[in-house]
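Please view the chain below first.

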Amino acid sequence: MPLVATGEIVGPAVRAGLGAGAFNVIQIEHAQAIVAGAEAAGAPVILQISENAVRYHGALAAIGRAAVEVAAAARVPVAVHLDHATEPALVREAVGLGFGSVMFDASALDYEANVAATAEVAADCHAQGVWVEAELGEVGGKDGVHAPGARTDPAEATAYVAATGVDALAVAVGTSHAMVVKEAVVDLGLVADLRAAVPVPLVLHGSSGVPEADLTRAVEAGLTKVNIATHLNVAYTRAIRDHLAAHPEVVDPRRYVAKARDAVAREVARLLPLLRAVAP
């Protein structure tokens, strides 16, 4: 199945009141596992590569091309997305590699500067048929830049979308990035208010810290694209630890990384129905 645009996954999900799972890729095994989980669930999925992952690899090209190739070989619709990019140059590189969407994060800037920078990136991306996500309200947990208690104001969000022309908006509704415990409380009333006011799909970042039943409720309240990274990393790391503890003689990384890949695939297959990414 050919690589699809992110809008081809998120748009139908919005219209059907479903969710769209977006999972972060760090290594090629993550991409393989996420796609395998989506195939097992019979659901579309979005592979995300963050600016932090690019920094880890030293460049986007190798891991970006790998993700595109894995997506293109999938038996379900798969899109590839650049997550939390702060530099327009990185956005341009991702577009050149065939990414169907980007998340441009100018939330560290003041409102006017955020609008100006995001509008410019959105115009450039739209000229090439690429879908753009942006952020307003500073989702928590990103190295001090984002305030954990921040909330997105519906009126400001509506004005921001109109001023920037973005295709989706990441909103601050009570979550925080990099949580390893499921203690985040999503403000479902605010989600409903944002859904009523904002004319583009809403995105939940920091979803790993949300209790699983609340992920379903968040989608039902109006969130569509749900980003998950840390939860999969916990499963990946636990599988490696468990295998090495049981088999301390193992030195071939293929033996234990394969266990991690399988564990992530199982989690993706389990999570997608919770996100209502599979039609009930």
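In this predicted model, strand β4 (residues 101–104) runs parallel to β5, and four bridges join them. S101 has W131 of β5 as its bridge partner. From β4 the chain passes through α6 to β5, a β-α-β crossover that is right-handed.

- A134 has L169 of β6 as its bridge partner.

**Burial of β5**
- Strand β5 spans residues 131–136, and six of its six residues are buried, so the strand is largely enclosed by the rest of the structure.
- W131, E133 and E135 point one way from β5.
- V132, A134 and L136 point the other way.
- Both sets are buried, the glutamates E133 and E135 included.

**Aromatic pair**
- The count of aromatic pairs is one.
- Its members are Y111 and Y160, with 6.1 Å centre to centre and 55° between the planes.
- The pair is classed as tilted, because only planes over 60 degrees apart count as edge-to-face and those under 30 as stacked.
- Y111 belongs to helix α6 (residues 111–126) and Y160 to helix α7 (residues 154–164), so the pair ties together parts 49 residues apart in sequence.

**Exposure of the two tyrosines**
- Y111 is partly exposed, at 26% relative accessibility.
- Y160 is buried, with a relative accessible area of 0%.

Note on methods:
Residues numbered from 1 in each chain as written. Predicted model: local features only at pLDDT ≥ 70, side-chain atom pairs only at ≥ 80, totals over all residues. Heavy atoms only, no water. Phe/Tyr/Trp six-rings, centres within 6.5 Å; stacked < 30°, edge-to-face > 60°. Helix = DSSP H or I, 4+ residues; strand = E, 2+ residues; numbered from the N terminus. Buried < 20%, exposed > 50% of the residue type's maximum accessible area, 1.4 Å probe, protein only. Pairing = 2+ DSSP bridges. Right-handed = clockwise from strand over helix to strand, strands pointing away.
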